[in-house]
Amino acid sequence: MEACTQAWVTQGGEEIVWEWRSLTAFGDQPLDEVASAYDLLVIDHPFCGAAVATGSLAALDELIPADHLAKLAADSIGPSYPSYSYAGHQWALATDAACQVAAVRDDLLGDAPIDTWGAVVELARSRPGRVALPLSPPHAISSWLTLVANARGPLANGASLTDAEAGMRAFELLHELASLGPAEALAWEPPEALARPTDADELVCVPLTYGYVTYSTAGSVARPCRFTDIPSAGYGPVGSVLGGAGLAVSSSSRRRAEAAAFAAWASGEDAQSRLVAPSGGQPGSRTAWLDPSLDAAAGGFYSGTRASIEAAWVRPRDAWWPAFQLEAGALLNAALRESLPAATTIARLEDLYRDCLRRRT
């Protein structure tokens, strides 16, 4: 965004000053707590419903020409653009695209396969403490959701979160991987997990983490890793939880037109390929993802994970979801720490899901 801002000002656009919030705040902090203080915001797509409920964001389809939005939609990688569509309006533009993927150090991994969950478990059993994933509360729930969706289990369809069998299988797999990895992984965010194979030789494989292109880029870390599609439960690299980030405009901004113009430009094919990707960003633009020179510079990140993002699972955008995700993550993290039975854990998740539905609808 800093690189885009400099180019925007050079070509005559309004000056933009960015302030940062933490990764945890990005995923958990209600939009209405921050939107009134800013013109532009970088948001997570599950907050779209909350934005509608609170009136925090401006509808971009009322500020940006329809033909420009159509171009952005056509150039979206996976479901990145439509993930910000809700209740008949477009609430943000995908300036960053991500989903859960796997990361490996090939020189440490050797010939061991990681293309199936069975292979990942065997690797973790054979090399205790060398296979781990970030399991802080937001990422415990993300990983459980991915495992359910990857096995083609139902998710958040109406009154039920999932069926008990699918939920328990996913939790049991998550629990086994957690028990075979370092205990401190229960507090890790993705950057903390990815630092272990790229700053040192601590981990061989991170089988589930949101992808961060800088960790596979030579010169950005001491030992670049290789990102690859998520392991399969038998259906291929499907169901990875979509992440990413979108540029949104505050409804209280006095410069909504100018803010929307910047968002539209920064999310476009040219800025995404020429500025965002070379500056360490992870474009939402399909054109950028398919550019062989950008892929080579990123250590094969885009080609290595494209199948996962194309088949990613989009979390609900309804107003009740952020509260459920926050509480469910804490519940799952505690269940992993305490080694609770799978049946007990899934029953509690189901109760929480139904309670959030009742509270917010």
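Mentor: Begin with Gln282: a polar atom of its side chain lies 2.8 Å from the backbone nitrogen of Val213. That is a polar contact, defined as a pair of N or O atoms within 3.5 Å; within protein, one must be able to donate a hydrogen and the other to accept it, and residues adjacent in sequence count only if both atoms are side-chain atoms. This is a predicted model, in which local features need pLDDT of at least 70, side-chain atom pairs count only at pLDDT 80 or more, and totals for chains, interfaces and linings use all residues. Residues are numbered from 1 along each chain as its sequence is written, and side-chain values use heavy atoms, with hydrogens and water left out.

Trainee: Which backbone oxygen does the side chain of Gln282 reach?

Mentor: That of Gly211, at 3.1 Å.

Trainee: And is Gln282 buried or exposed?

Mentor: Gln282 counts as buried because its relative accessibility is 5%. Buried means under 20% relative accessible area, exposed over 50%, and partly exposed in between (1.4 Å probe, protein chains only).

Trainee: Where is the place of Gln282 in the chain?

Mentor: In the loop between α11 (269-276) and α12 (286-289). Helices (H or I, at least four residues) and strands (E, at least two) are DSSP runs, numbered from the N terminus.

Trainee: What is Gln282 in contact with, leaving aside neighbours within four places in sequence?

Mentor: Its partners include Thr95, Asp96, Tyr212, Val276, Phe301 and Tyr302. Contact means heavy atoms within 4.5 Å.

Trainee: Staying with α11, what about Glu269?

Mentor: Glu269 lies in that helix and is partly exposed, with a relative accessible area of 44%. Beyond neighbours within four places, Glu269 is in contact with Asp75, Ser285 and Thr287. The C-alpha atoms of Glu269 and Leu72 are separated by 7.8 Å, though the two are 197 residues apart along the chain.

Trainee: Change of topic: how many cavities of 30 Å³ or more does the structure hold?

Mentor: Three. The largest has about 60 Å³ of space, and its lining includes Leu72, Asp75, Leu93 and Ser285. On a 1 Å grid over the protein atoms alone, a cavity is a set of points where a 1.4 Å probe fits but cannot get out, and lining residues have an atom within 4 Å of a point. Grid points are joined across faces, edges and corners, and a volume is the space filled by probe spheres set on the points.

Trainee: On to the sheets. What is the order of the one with β8?

Mentor: β1-β8-β4, an open antiparallel sheet of three strands. β1 (40-43) and β4 (93-96) each have a single partner strand, so one side of each is left without a neighbour in the sheet. Two strands pair if DSSP finds at least two bridges between them; β4 and β8 (residues 245-249) have three. Leu93 has Leu247 in β8 as its bridge partner.

Trainee: Which strands form the sheet with β5?

Mentor: The order there is β6-β5-β7, again open, with antiparallel pairing. β6 (205-210) and β7 (226-228) are the edge strands. Strand β5 (residues 100-104) and β6 pair over four bridges, and Val104 has Cys205 in β6 as its bridge partner.

Trainee: Which helix lies across β5 and β7?

Mentor: α14 (residues 301-310), running at about 20 degrees to β7. α7 (residues 137-150) lies across β5 and β6, at about 100 degrees to β6. Axes are lines fitted to C-alpha atoms, for helices over the stretch in contact, and angles run from 0 to 180 degrees between N-to-C directions.

Technical notes. On a 1 Å grid over the protein atoms alone, a cavity is a set of points where a 1.4 Å probe fits but cannot get out, and a pocket is an open set with protein on both sides within 12 Å along at least five of seven lines; lining residues have an atom within 4 Å of a point.
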